[in-house]
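Please look at the sequence and the model shown here.

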Amino acid sequence: MAISSVDLDRALTSASYAQQVLRSGNVSVEQKGQLVEKWGADNVNKWLSVDSTSYEIDDFDYKYAKEAGADSAKDSTGYDGGKTYGAVGDAALSAGAAVGGRLLGGQLVNAGAKLIGASKDIMQDTLSLGTKKGPVKLSDIATAILSSAVAAKYWLQKPNEDQVKAARQLMSNDLPEGFSTLEEAQEDLEEASAKVTELTEEADAKNEDANKKIQEQKAQFDYKKQQYQALKAKKEGGEELTPDEEDLLKRLAPEMEGMVSTISETGETVTSEVGALNDEIGEYEASYDESAEKIATVEGVTDFAEGFDENTRTMMYVEGAAQGVNMVSAGIAAVKLWAKATLSFGATTVFAAMASAAALASRKAMTQQLGWAKEMTSEIDLRREVQDEVSNKTDLYDEELDNYAGNVEIVENLEVEVPQDLEVPQNVAADTMPPAPKDEKPQNAPPANQPEDGDGEDDQKKKPEDQ
């Protein structure tokens, strides 16, 4: 989870949260000192230098996701990203050079023939219509023919149309969807991080609770062992134990055995529970991979768009400028030709009309290209916004992956502290037998049921079996 402010109380009780706030960069020197005091310098340094590379998405999978995003954009826009723009614009600039007088004679014939796709002979004949002085003298007619060819070729090929259609689809569909996909990736990352943090804290709490219980059991075990050793020493020293002490001596060893069993069971139980939580944490690695794939998919879309949108916009400006030149040249030629047409009708009128139509067509083409360029600018701006978000989400992915790696390490390093000195004293039954009398009776002493002196009549009366 992205951390903007530090909850120090939580950081002092949760190792998982502590390692996250340390890497967030929002911890003050004083707070870091408190965390070092709580968790130890070794842990703090380890958390700050956590290595998450082993959990990163595979390069092949990331590349595949990017390619999938690009392919999806191609299918959505119906455009394969090919750079077919600009051909007409180049021709239009050539026409502008021709009508500006920089091409003469054979050069003018070649330029015109290339534009209209005719042979040089046909172009030569066309330029010679209405005069006996040849093409070099007929710049207005040449302008009419060449500008008409440029305008006609533009509307036949419609350069940059495929690209602007693709840009429209990107703006209305793919790029907005990219924002949504990135938001989903962020939500998935934050949800996974929150759950992993929760599981880590649960595992840490179970482990800590188990160690506390074991410590309590060990303290009681040590106390009972001291009692046992003290009573045993007293008895072995010849002192007589009270009935309560005898009873306690009999109970101490079994009670210690029960404590050893409880300690063992506590350790086994929490080890099993923490292991299960660790396995559950491991399952969330796939969530991080899925988020990375979503980010990569959007990156593929933006890479596809970037592959043509800026170049297309440039060529739209080029094409628009070329059509503008063509419009001006055709317009000037039209004015001159219409002036001549008023004096003499014939071929001049045809060329005047041709130049006028070319001027109007190129004006419309120029307006279209500049309008498309404006649309392309909007698409470029939106694409850059999405790219910024891709970068932000990639940073978030790296941050959350570090958190994940840190949590995994915390859980894997949890350890139940089972004491080693839990030996229960042996031969308890023998130790608890009552001590032998200090003074033994002589071997020739009479049986206890017979008198030593006299007739023993009174003594025999005390025996119920003799009455």
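Predicted model: local features only at pLDDT ≥ 70, side-chain atom pairs only at ≥ 80, totals over all residues.

Residues are numbered from 1 along each chain as its sequence is written, and side-chain values use heavy atoms, with hydrogens and water left out.

Q: How many salt bridges does a search of the whole structure find?
A: A salt bridge is a side-chain nitrogen of Lys or Arg within 4 Å of a carboxyl oxygen of Asp or Glu. By a search of the whole structure, the number of salt bridges is 25.

Q: Which helices does the salt bridge of Arg 168 and Glu 375 tie together?
A: The closest N and O atoms of Arg 168 and Glu 375 are 2.7 Å apart. Helices are DSSP runs (H or I, at least four residues), numbered from the N terminus. The two residues are 207 residues apart in sequence, so the pair ties together helix α10 (residues 161–236) and helix α14 (residues 347–412).

Q: Is Lys 235 buried or exposed?
A: Lys 235 meets Glu 246 in a salt bridge, at 3.8 Å from N to O. Buried means under 20% relative accessible area, exposed over 50%, and partly exposed in between (1.4 Å probe, protein chains only). Because its relative accessibility is 11%, Lys 235 counts as buried.

Q: Which residue forms a salt bridge with Lys 66?
A: Lys 66 is partly exposed, at 24% relative accessibility. Its closest N and O contact in the pair is 3.5 Å, and the partner is Glu 299.
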